[in-house]
Amino acid sequence: MSEVIQNETWFFLTSVATGVLLVFAYDLLRILRRVFKHGTILTGVEDFLYWCVTAFVIFCMIYEKNNGAIRGFAIAGILLGVILYHESVSGYIVKGVSTALNFIFHWVSTLFSFIFRPISKLKKFLRKNLVKTLKSGKKAGKIRLRRKKWGKISKEGSYAQKKKR
């Protein structure tokens with residue numbers, strides 16, 4: 001086989017591999033979306049960034065392997081890689097990995113809630129009781145200070161100032 005045909009064959013196989021890589025990267029985004037719920041804005045931003053990176057990867061692959069010349073069979077190779085990967089293992093990978101991650105996160109969160117629930121209840125109890133105690137002690141301290149400074153309460157209900165001797 002001639003060297004030109006070998007180079008063209010490698011370029012085609014690189015195009016197929018690039019297509020597989022691009023769909024795998026999108027599968028990672030799909031897994032991320034299944035594990036952590038996203039809103040429509042964040043999904044749109046992720047898709048926009050994905051397509052920017054995809055365009056850059058395809059450009060770099062064509063520039064490196066074929067000196068920047070866009071060839072029809074390169075695009076066909078990318079599409080073939082996308083279709084082969086998507087129709088064969090993509091769904092199984094997304095479903096399996098996202099199910100496994102959801103399972104792991106569920107058990108980790110259950111473990112953390114089991115560990116930190118008593119601490120949280122103690123924190124709430126202390127906050128509730130200490131704040132009341134500190135507030136009541138603070139008010140009592142203010143009243144005592146006022147009585148020392150101003151003297152006894154007069155019959156009208158106001159403080160009578162102590163006379164200095």
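**Charged residues and helices in a predicted model**

Lys 124 counts as exposed, with a relative accessibility of 59%. Exposed stands for over 50% relative accessible area, buried for under 20% and partly exposed for values in between, with a 1.4 Å probe and protein chains only. The structure is a predicted model, in which local features need pLDDT of at least 70 and side-chain atom pairs count only at pLDDT 80 or more, while totals for chains, interfaces and linings use all residues. Residues are numbered from 1 along each chain as its sequence is written, and side-chain values use heavy atoms, with hydrogens and water left out.

The protein contains three helices and zero strands, in the order α-α-α along the sequence. Helices (H or I, at least four residues) and strands (E, at least two) are DSSP runs numbered from the N terminus. Of the 165 residues, 16% count as buried. Lys 124 belongs to helix H3, which covers residues 72–150. Arg 117, Lys 121, Lys 123, Lys 124 and Arg 127 together form a positive surface patch. Such a patch joins like charges within 9 Å, taking residues with over 30% relative accessible area and no salt bridge.

Helix H3 also holds Gly 81, which is buried at 0% relative accessible area. The C-alpha atoms of Gly 81 and Val 16 are 4.2 Å apart, although 65 residues separate the two in sequence.

An unreviewed UniProt entry annotates residues 9–28, 48–64, 73–94 and 100–119 as "transmembrane region"; such annotations may be inferred rather than shown by experiment. Residues 9–28 are 100% helix, with end C-alpha atoms 29 Å apart. For residues 100–119 the end C-alpha atoms also lie 29 Å apart, and this span is 100% helix.

Four salt bridges are present (a side-chain nitrogen of Lys or Arg within 4 Å of a carboxyl oxygen of Asp or Glu). One of them joins Arg 71 and Glu 8, at 3.3 Å from N to O. Because Arg 71 lies in the loop between helix H2 (40–66) and H3 and Glu 8 in helix H1 (residues 3–35), the pair ties together parts 63 residues apart in sequence. Arg 71 is partly exposed at 31%, as is Glu 8 at 23%.

Arg 33 forms a salt bridge with Glu 46, with 2.9 Å between the closest N and O atoms. This pair links helix H1, with Arg 33, to helix H2, with Glu 46. Arg 33 is buried at 16% relative accessible area, and Glu 46 is buried at 13%. Arg 33 also meets Asp 47 in a salt bridge of 2.7 Å, N to O. Through shared partners, Arg 33, Glu 46 and Asp 47 make up one network of salt bridges.

Note on methods
Patch = residues over 30% accessible without salt bridge, like charges linked within 9 Å, V, L, I, M, F, W, Y side chains within 5 Å. Areas by Shrake-Rupley, 256 points an atom, 1.4 Å probe, with all protein chains shown as cover. Lys, Arg positive; Asp, Glu negative; His and termini not counted. Charge placed at Lys NZ, Arg CZ, Asp CG, Glu CD.
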